[in-house]
Structures are given as structure tokens and as C-alpha cells.
Amino acid sequence: MTKPSLPELLHAAVTAVGGTERPGQATMAEAVAEAVDDQSHLLVQAGTGTGKSLGYLVPALAHGERVVVATATLALQRQLVERDLPRTVDALHPLLRRRPQFAMLKGRSNYLCLHRLHEGVPQEEEEGLFDQFEAAAPSSRLGQDLLRMRDWADETETGDRDDLTPGVSDRAWAQISVSSRECLGASKCAYGAECFAEQARERAKLADVVVTNHALLAIDAIEGAPVLPQHEVLIVDEAHELVSRVTGVATGELTPGQVNRAVRRAAKLVNEKAADALQTAAEGFERVMELALPGRLEEVPEDLGYALMALRDAARTVISAIGSTRDKSVQDEDAVRKQALASVETIHGVAERITQGSEYDVVWYERHDRFGASVRVAPLSVSGLLREKLFTERSVVLTSATLKLGGDFNGVGASLGLAPEGTAGDDIPQWKGLDVGSPFDYPKQGILYVARHLATPGREGSRTDMLDELAELVEAAGGRTLGLFSSMRAAQAAAEELRGRLDKPILLQGEETLGELIKNFAADPETCLFGTLSLWQGVDVPGASCQLVVMDRIPFPRPDDPLMSARQKAVEEAGGNGFMAVAATHAALLMAQGAGRLVRATGDKGVVAVLDPRLANARYGSYLRASLPDFWYTTDRNQARRSLAAIDAAAKAEQR
């Protein structure tokens, strides 16, 4: 029997998921197959509606080696495991004459811990262990969640937090989960044989395709202890998110509350002298943090340096001493010790990292209304780490609807540690960029309107002219508006203003869960939804409910963002253009994602309105516009309003 061709396999898979074959999808599948065969790397931009999941799954399954697929969002992980993979495997089985296995794998804290569930959480208070189910009043939200989770534990096959619906708060989940550092280990745990996290790992070891998330991929790369099974092909979907997810995993944080918890946990397990030293160091750190003002610390201040050295040394002593003292009143001593050790090791690690003062780290103070001050440390860049850990010993395919910024892939490539495309050299990963386009006819389906006549937005202050323009556009569109704002304050001000002016329902992020807001927005075409960051990327509302997408301003990082400003400065010191490499790239990525909310299906029509004249007037405006879908472009406000009114009239006629 001859080996089936890639077009045959793709046709079978697309038919099985009830999709339509697209030229871009076929081009992508061929390029992925080529990269996998050559063991080279591929960055592929595939616009919304291309069907990129099958564009990489089919050639990966056909290749026959183990594949890891890492995604950023839960929605895509679910789509892959519950819909795309089962149907694709069924469709390809007769052609491949084998049935590839697939599995989902996440970090340990995403799974219910049976030890925690049955033995309770080691407590810091004087009474030692307590039963969290008894202590939380059944009438309280926490108590109800805990009782529901106990019932769910008897039914669930996966123990995966995301299979628990409706979900529970982080506080409730923390009562029945452990981090990898707190885990006793399957061989030492009474519940090791039934452990959900261990079962997920075992399934992953046997699977041909392992679906995971960016965070676990980052942990696998950074911590050196492999979490993912050996694999020959890595596919990173939603790859525009990867750098920020890896940065998040590589960021350390210390707060007085976290340090005090560690002190309480360790106190019973070490001698008095070691416990007192940690307590004294914790008090010193707390005093310093009371005076902390938000912002970057180019040099670690003397008082913070002393406080962190004291914490580091006291934590080291506690780590050595833990286990030599046995307090007879402590039950389930292994779990108590493991939790205490995990807390103290984290403090030691972050304190040491900041006091060592690497030139490749950025340190800053942050202040939170609810949690007070914290000191944070993050890598200046993760590109070197990604180049070293991601692009060796396997073929890597990175895909997203937004990878080509300002007309090429080099900006995103550089953030991933890749030299410009086509650069030759022994230790330089070879890669190719490919844009397979989109099935949508952007110039006919959408208009990009830039409000050139408005005043340039300042850092603070009300933008009365912008709010007037917004009200006129929403009125012309008959509602149907997704408002993407650069700050929560701007979104709130706009919602308040328009609720007073227009007879249209205005939903505001934060007033309801995100899922509920998006559902209500999609259900009523007259409704508008205003919000900030998560709406720029997470909204998929095809049809007449979303025909106007408004961006209040170009979403540059805030000038006082410690990490972004440090990255910008580093590029400038190396002779590059820091503004273009960092701020403009950040804005281009977000704007491309935001503009992508407008056209989600072949019949969609509408306007993306940017209420910031810099997109038309500034030198960098052309770079940002080149990063957006190829909409018909205008700065004529009357044209924008007439188009919106016509789109609104057509939608109403269709509704009737």
C-alpha cells in the first residue's frame, strides 16, 4: 500500500471536523511537513479562519514521531483535545493504518491532590493541622466550594481543575492542590498510586501528541528537570504570547506576607535559634517594604540589600536545619516539612538572585492595593534562554495570526533569540518565516479608520474630543461595539460617559465574569462591551454583534513599566532603536490582535476605529499600520460614520 499523500490526509481531516479546505491551510501543512523532515524551524502566520490547528496537526501526526503542542489559552487546549484531535485521529486512522494517541499535560498545581484532600492543609497556626472542610462554614462561598470539590473528587477521572464546572476561586483550589515543590513524591505519598498528576504524566509518556501550555513549556526549559516527555517536534500555537509567558515563569517575587507564612511553617521544624533568626530577618524585610515606592531599582538600595542578605542567610540555615528537629505534636510530618521547605527555598532563591545582582536581571518595587508592597525580579530578556533551550535537538514550529510585525518576522524572531532570517552560521538556528494569509477579503470586509483630527492623547487627563468621537461612532453603528482601552480607568470613564449619553446597553469588564460579558455582548447587537487587556485577545464574536472595534489609543507600554523601560534602555545602549524594538513592537502585536476581533467569519463586515492621530501622523505609524490586517484605510470621519450606518442598516434588514 502506498503512503497517503499530505493533501489526502488533510482532506480527510478537514472533512471529519466539518471544516472547509483553505489554500493557506494546505500551504501551511506542506511547510510544517518540510520543517519537520529537515529538522529546521518555521514561523508561520496564519490569519483567523485558516484552520491552522489542522495545518500543523495533520503533518505532525503523519510524521509519526512524538509531538508536543503548547498553547497559551485554555480554550485552544480544550478545542484540540476535545474536538480537533479525536476527529482527526479517527479520520487518519484508515489512511495511516495506526491510531495516534494523545494526552493533555499541565503543571502539578492544576491537578487535585488526594493527599491534601484527605489529610488537610498543613497549617501555620498553633493548633497544627485542621480539617479545612470542617473549618470553613458550609454557608460561606469557600465552604460551599470545598464541599463541591470533595464530591467532584469522587467522580473526576482527570482531577484537572479545568474539568471542574463551574470553577472555584484560587483560594479554594489552593486547599486541595500542591505545587511541584510541595509534592511529597509518588513513592513517599500514601496516595501516589492514584495521583492524578502522576497519571497525567504516565499518559503523556505513552502519547504520540502531548498538548500542554506555554507555562509548563517554560518550566521545562528553565528548571532543567524535564517535565515533558522526550519529543522530536515542538509546535507552539498562539506563539505571540510565548515571550510574556516565559518571562512570567522566570520572574521572582517576595512579599512580607509570603515571608511571614514561611516563618510560621518552618518554626515547628527547626531549633529555636534558626526560627528566631528567620523571624528577625522577616521583620527587617517588612520594615523596609513599608517604605517601598513603586518603580525600578537600578541599584538595590542599601537597606533592602541588608534585609535580603539577612533573609537569604536565615533561610539557608533553616533549610539545613529542617528535619533535624522532630516536634512530636506535628501530624503528617512529611507534608508539613515539604510545604515549609518549599516556602523557605523560594524565599532563599529570590533573595539570593536579587542580592547577587545580575546585569541580566531587572529589579523593581510594586505596590498593590490589596496585598501591599512586593519586590520583583525578572530577566531583562528571555531570548538567549529560548534560543538555547527551545531550538536545539528538535524541530520547532511557531504559529499565530500575528507574528509578522511591520511587514516581516524578524521582530518576533529576535524576541525568541533568532538571528534575522537567512543568517548563516554553525550555532545559529536556521528558520523560515511564512505568511499563508487569510481566507478573508480584508479590503472588502473591513475599514481601518484613524481619527486624525483628534488631539494627541496625553499621559493623564480627560479626552473629551475622543469621547465625543466614540459616542458618534457607536451611535452610527447602532451599538455593536467592542471598545478596547489602554487602561481600566479609560474604559470606566468611557462607559460612564456613554451610559449617560446613549440609549444603548454598555457592558464593562470587571462588572461580571469575562465569559458572561462576552455571552451577553454576542446575544444582543445593540450592546457594547468595553474593557482592557484580556478583551484585546480573547473575544471571538462573529456576526452582527461586533461591527465596530474601537481602540482609544496606541497601546504602548506605560513609560513607568520597569521591565519594558529597562528592555528599551538595554537596546539603546547596544546601539539599537529601543522604542521601535520594544514599545512599538509591543503596541503592534496588541493592535494586530485587537483589530483581529473584527472579522471572524467570511460574512463579517465592519470598522476598526483608532482614536489616536499618531497612527496617521507619527513616523512609526506606517510600521504599526503594516502590522494590521489589510483593511481599506481612511481618515475621513464622515466616511467612517456613513459606512457604519450602512452596515447597521444592512444588519437590521437581515434581522427582520
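Axes here are lines fitted to C-alpha atoms, for helices over the stretch in contact, and angles between them run from 0 to 180 degrees, taken between N-to-C directions. With that settled: this is a predicted model.

I'll start with a helix pair. Helix α2, residues 23-38, packs against helix α3, residues 52-63, at an angle of about 35°, and their axes are 8 Å apart. The crossing of α2 and α3 is right-handed. On the α2 side, the contact is made by Q25, M28, A29, V32, A33, V36 and D37. On the α3 side, K52, L54, G55, Y56, P59 and H63 take part. By class, the residues of this contact are eight nonpolar, three polar and two charged.

Inside it, β2 (67-71) and β5 (233-236) run parallel and are joined by four bridges. A70 stands opposite V236 in β5.

Another open sheet of seven parallel-paired strands has the order β14-β15-β13-β16-β17-β12-β18. The twist averages 15° from one strand to the next. Strands β16 (548-551) and β17 (606-610) pair in the parallel sense over four bridges, and V549 has V608 of β17 as its bridge partner.

Finally, helix α20, residues 488-501, lies across β14 and β15, running at about 155° to β14.

Conventions:
Residues are numbered from 1 along each chain as its sequence is written. This is a predicted model: local features need pLDDT of at least 70, side-chain atom pairs count only at pLDDT 80 or more; totals for chains, interfaces and linings use all residues. Side-chain values use heavy atoms; hydrogens and water are left out. Two strands pair if DSSP finds at least two bridges between them. Helices (H or I, at least four residues) and strands (E, at least two) are DSSP runs, numbered from the N terminus. A crossing is left-handed if the near helix is turned anticlockwise from the far one by less than a right angle, and right-handed if clockwise. Contact means heavy atoms within 4.5 Å. Ala, Val, Leu, Ile, Met, Phe, Trp, Tyr, Cys and Pro count as nonpolar, Asp, Glu, Lys and Arg as charged, and the others, Gly among them, as polar.
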